Amino acid sequence: MKRLSRYRRHKFAGPAVLLAALFTIGTTFSIATALPSQQRMEVSAQTTMVEEGKQIFARGCSSCHGLNAEGGAIAPSLIGVGAASVDFQVGTGRMPMADMSQQAMRKKPVYNEQETAALAAYVASLAPGPASVTNASLTWERDGNVAQGGELFRTNCAMCHNFAAQGGALSNGKYAPTLMDAQPKQIYEAMITGPQSMPKFSNNTITPAEKLSIIKWIKAAQNEPSLGGASLGRVGPVTEGLLVWTLGLGLLIGVAVWLAAKAR
Amino acid sequence: MSNELQKFTDPGLPAHVHRKADSDPKAAKAAEKQVAILFLLSAIGTVMLIGSYIFVKSNKFIYLPILGDTNLQQLLLGVGMAMSLFFIGMGAVHWAKTLMSDTEVIAQRHEMRSEPEDRTDFVETVKEQAALANLGRRTLIKRSLGLSLGLIGLSPLILLRDLGPLPKNQLATTDWAKGTRLLTDPGDRPIKPSDLEVGSVAQVLPALPTGTERTLENIGKDAVLLIRLRPEDFQLSPERLSWTHEGIIAFSKICSHMGCAVALYEQQTKHLLCPCHQSTFDVTRAAKVIFGPAARPLPQLAITVDAEGYLVAQQPFTEPVGPSFWERSS
């Protein structure tokens, strides 16, 4: 401030202040007047997205889910499932389903991000439902707590998805998938929408902050280095036991045979 | 042919075949070299073990076929230690097999019982020494020694106390009582029916009286799974239906078979699956067993809401939770 006040009696001080004030007012005014038109553009973009989504839906989804997403004999109604559900199912490649197997599995997504967003906008326009999230909007790195996430994961998720998030079997050929490839937004959307066999974990029983902790724990599990090289699927005693019983025991038998062999 | 065993002469021990190294100095020299090489390999292993600990950075990873990305230090530590121990043993065995004396020694087996004179001798010595120790005269010493030895003999008996105490009715009771609030696990927050959407689950524990700490024993008995369905999905008796609240139904999470935590809820089929032995329970029919070894349905907890609108238990569990035990009435 001292330096500024030194110049306050300078001959250009008056004009400079005037210029700055004009600039500020002008900018503020232009921003203020621009906002409504931007919103108008957003609304029109929204309607085009819904239109585009409707077309994609009619081509790719309506044969099972019905022309108006009302559901059919082989597929549920999508009215009210929300954008989050669409973003999860289509974004992970589970939908459209390639074949009618026990459950839709993760595969290469058929639709790109834009098309997925359009589909999500269309389904969300049918009835309100959970909104989709983006990876950037989830501040799990900053706000998550790995220890808390681990505790929540072990109580709520580990029974199906395995203690190391490797997935596990359910009944009749269904399974809980591994979470090793899951993106933060997919984890979040799965928890709020409950895809397929998975139940919902509503925001009031597991708060959004706690969900971020769970995401942080899963990310930590994904990035856990395996010091010993092959992780053997990280499923515990099953694969490790198999290795010990075959390779380890084989080695021991070989040594025993050599010990008992007479030298010639 | 008769069934009598034919007599045959004792073939004796097979002729002793000498090793090549016993007769051929060249072979002996080769065997010596082999043993030395094995010991040297062990030495290399130890150097590798120590060297990798000192010089290899602990965060360095290398790619190996089959194994994938492997931590170099851990790999060298492991291989080094395996080499150092394995080859020292292998060298010693090879040495013994090829070069050490191969004279065959026959050790005859004897009766375990001592000779009669040794036995009488022993008894005599004991008697003699006992007399010398004046045990008969020093009654104070004799009695106090008897007391201390006797007490030492008693002390292992108190270890048996650790087999108890008897559980009494702890197996049959839980911390659920009329009006106990359902709290989220973890988090310990009370739950309102509106917090649960249709198709959602929540792991809950009972609110304990203030000042009481939750122990693993508590959790092992008290864990409850809360599930919300559409009320029209239920196929329950009127009594069991009155135990639910707006489609929310609560079951003990402890499997009635072996006590594993049953929490694999399949939202579409509305089945609860136990991960240990695949017992499957139908939630819509009061956790009826539809597959697997469980003999009883999961105990259902009657729930309602209190004046503030939070979910509470209507009453304690009406039957013991978890697996069967000896004194269980049903």
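Modeller: In this predicted model, 15 residues of domain 1 of chain A are in contact with 14 residues of domain 2 of chain A. Look at the domain 1 side of that contact. It has 5 nonpolar, 8 polar and 2 charged residues.

Now turn to chain B. Start with two helices, H2 (residues 25–55) and H3 (residues 72–98). Their axes come within 7 Å and cross at roughly 160 degrees. Angles over 145 degrees count as roughly antiparallel, so H2(B) is roughly antiparallel to H3(B). The crossing of these two helices is left-handed. What classes of residue make up the contact of H2(B) with H3(B)? There are 18 nonpolar and 11 polar residues, and no charged ones.

Chain B also holds an open sheet of 5 strands. Follow the order E3-E4-E5-E6-E11; the pairing is antiparallel. Strands E3 (182–184) and E11 (300–301) of chain B stand at the edges. Each has a single partner strand, so one side of each is left without a neighbour in the sheet. Take the E11 edge. Strand E6 (residues 248–252) of chain B is joined to E11(B) by 2 bridges, and the two run antiparallel. Across this pairing, B:Phe251 stands opposite B:Gln300 in E11(B).

Definitions and conventions: Residues numbered from 1 in each chain as written. Chains lettered and ligands numbered in written order. Predicted model: local features only at pLDDT ≥ 70, side-chain atom pairs only at ≥ 80, totals over all residues. Axes fitted to C-alpha atoms, helices over the stretch in contact; angles between N-to-C directions. Helix = DSSP H or I, 4+ residues; strand = E, 2+ residues; numbered from the N terminus. Parallel < 35°, antiparallel > 145°, perpendicular 65-115°, else oblique. Left-handed = near helix turned anticlockwise from the far one by under 90°. Nonpolar A, V, L, I, M, F, W, Y, C, P; charged D, E, K, R; others polar. Pairing = 2+ DSSP bridges. Contact = placed C-beta atoms within 7 Å.
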